[in-house]
Structure formats: structure tokens, C-alpha cells
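Visitor: I would like to learn how to read aromatic rings in a protein model. Can you walk me through one?

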Amino acid sequence: MNTKRRLDQVFEKAFPIPFDNSSKFVFFSDMHRGDDSLADEFGRNRHIYDHALMYYYDSDFTYVEVGDGDELIEQANFKRIYSSHPWTFELLKQFFDDNRMVMLFGNHNFQLANPNFVQRNYYHTYDDYTDSFEPLFPGIHVHESVLLTHRETDQKIFVVHGHQGNLISDQLSIISYIGIRFFWRFMHALGVRYAASPARNRERRRKVEKIYARWSAENNTMIICGHTHRPRFARPGEEAYFNTGCCIHPRGIHCLELSFGKISLVTWRMHSKEDGSLYIKRTVLQGPVPIEEFLRK
């Protein structure tokens with residue numbers, strides 16, 4: 001299916017979320033939380049990510065996961081993912097319990113499009129310490145996309161993972177699942193990268209970015225994606241395409257913040273002091289820029 005047509009369909013069905021200039025959202029994507037094996041790329045930045053979650057929870061942000069949070073292609077058994085990162089899920093549960101959590105599915109956790117799968121695996125989970133089933137995200141609904149709409153200006157921000165319209169990742173996702181689950185999963189553990197992915201292939205990545213940027217311009221709508229693993233921050237006057245980046249690069253994690261009507265690109269990284277001790281630092285790379293500067297008159 002044509003990518004533009006696919007995006008139009010997803011946009012029409014996007015879950016509505018109203019906001020205003022007092023709202024605060026943080027957008028993370030592509031954590032790829034795995035089973036703590038050699039193929040689990042989330043493990044290298046787990047402590048940075050957890051620290052960032054604590055900061056955003058204490059700062060009253062709403063957490064938006066823009067797809068590929070859990071690596072359900074390489075590890076289809078969610079219980080193993082949960083048991084590998086229980087503290088991370090406890091932090092996420094705090095957002096959920098406060099009604100400050102929005103979750104989208106991507107091409108690496110497309111199973112979350114199935115409400116029955118979500119109910120079986122995410123409503124409750126088995127706690128090895130208490131030897132019982134405990135609530136995790138009871139009643140959670142995982143969306144394909146959400147549409148933030150400003151209460152006063154009616155400005156819209158479309159949030160979607162970014163694989164929509166891709167033949168292999170979207171329409172033929174089952175073929176991608178079989179290839180990664182039964183072949184690339186083991187090659188990945190040996191350090192081999194999946195070269196066909198936009199995250200690894202520069203030409204494919206640029207093609208995806210151009211298509212989504214063009215859609216943003218044609219619809220006069222800001223768009224926030226993940227999928228390519230490359231952070232992107234638009235300048236006023238450009239197509240309003242933004243990308244969260246990812247959480248699996250070896251030098252830290254990226255995210256987008258939307259707070260008090262302004263958007264920023266942020267990185268969290270490990271730094272060292274003169275005495276050799278390490279600490280985690282939040283750095284604003286671009287912004288904050290008022291979102292109305294991306295609304296074409």
C-alpha cells in the first residue's frame with residue numbers, strides 16, 4: 001500500500017489526546033527491551049533509561065512510548081523480558097497507575113495490536129519474588145497512533161512509530177517476524193546487524209524520513225516518529241518531522257520533550273567527574289522551540 005495512503009488511514013483512526021500549554025509529555029521509542037542475553041541491546045543503557053524515567057515521573061511528565069518498547073520478535077515470551085528488567089517495569093507501572101502512560105506498538109512488537117495478546121501478557125505478570133501473579137498494566141490499550149490536539153489553538157501533533165507503509169515491516173510483517181525470530185535473532189547475538197532495517201541502512205532511512213516529512217508538510221501537522229533510530233529535530237519553516245531517536249546506541253539515549261507548549265530534543269548520557277566517579281546527565285540538544293512556530297498559516 002502507498003505510504004501516504006497508509007498514513008492517512010492511521011491518522012484518521014488515531015487515539016485523541018487533548019493538551020494545552022501546561023501539559024508535559026516525554027516521547028521515547030525503540031528501547032527494544034529484551035531478555036538480558038547477548039542480543040539484548042537495551043541492557044547497555046538500562047540504568048540511564050531508568051534514571052531518566054525517574055526524572056520524568058518526579059517532574060510530572062506523561063510518558064509516551066512510540067513503539068518497539070519490547071523486543072517481541074526476537075523474544076516472543078514477554079515473561080522473560082519482564083523478569084530480565086523488573087525494575088524498569090516497576091517504573092513504567094508508576095506512570096500507568098497515575099494515568100500518565102501512553103503506549104504505541106511498532107514493527108518489533110506488532111503483537112501488541114492484538115488486544116488478547118495484551119490482556120494475556122501485560123494486564124498481569126508473574127512475580128518470582130512473591131510467587132504469584134501481580135497487576136502490571138491492567139486494562140491497558142496499546143495504540144497504533146495518537147493525535148495530540150491543543151485545546152486552544154487546535155494545533156495537532158501526530159505520533160506514530162514510523163514503519164507504516166513499509167512493505168516488509170508493515171503489510172508483510174509476518175515475513176519479517178519469521179526471518180528475525182528464527183534467523184537474525186541468533187546472528188544478532190553474534191554481533192551481525194540487520195542491514196535491511198532503516199536503522200542500519202542510510203538510504204532506507206533517508207527515504208523514510210523524506211516520505212514522513214512530506215506528509216507533515218502536506219497536512220500542516222507536526223509528526224513525531226521513532227523507527228529509524230536517528231534523532232531528528234525540525235527547524236521552523238521546515239517540514240515538521242521529528243524523531244525521538246532510540247535508547248540502544250552505545251553512547252546514551254535520546255527522547256523528545258513537549259512541555260509548556262515547547263518542544264526539545266534531549267539526550268541522557270554517562271559523564272565522569274574529576275575524581276573518576278560517573279554520573280548521568282540530561283542535555284538539551286535542540287530547542288526548546290514553541291510548537292506554534294511549526295504551524296503554517
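Guide: Start with a term. Buried means under 20% relative accessible area. Keep in mind that this model is predicted.

Visitor: How is a pair of aromatic rings described?

Guide: A pair of rings is described by the distance of the centres and the angle of the planes. In this structure there are 23 aromatic pairs. Take Y56 and F61, an edge-to-face pair. Their centres are 5.0 Å apart, with 75° between the planes.

Visitor: Are Y56 and F61 buried or exposed?

Guide: Y56 is buried, because its relative accessible area is 0%. F61 also counts as buried, at 4% relative accessibility.

Visitor: Which kind of pair do F78 and Y122 form?

Guide: F78 and Y122 are stacked. Planes under 30 degrees apart count as stacked, and here the angle is 25°. The centres lie 4.1 Å apart.

Visitor: Where do F78 and Y122 lie?

Guide: F78 is in helix 3 (residues 78–84), and Y122 is in helix 5 (residues 115–122). The pair therefore ties together parts that are 44 residues apart in sequence. F78 is buried, at 1% relative accessibility. Y122 is buried as well, because its relative accessible area is 1%.

Visitor: Which residues do ring pairs link into a cluster?

Guide: Ring pairs join F28, F42, Y49, Y55, Y56, Y57, F61, Y63, F95 and W268 into a cluster. Y56 and F61, the edge-to-face pair, are among its members.

Visitor: What sits over the ring of Y279?

Guide: The charged end of K273 does. It is 5.8 Å from the centre of the Y279 ring.

Technical notes. Residues numbered from 1 in each chain as written. Predicted model: local features only at pLDDT ≥ 70, side-chain atom pairs only at ≥ 80, totals over all residues. Heavy atoms only, no water. Phe/Tyr/Trp six-rings, centres within 6.5 Å; stacked < 30°, edge-to-face > 60°. Buried < 20%, exposed > 50% of the residue type's maximum accessible area, 1.4 Å probe, protein only. Helix = DSSP H or I, 4+ residues; strand = E, 2+ residues; numbered from the N terminus. Lys NZ or Arg CZ within 6 Å of the ring centre and 35° of its normal.
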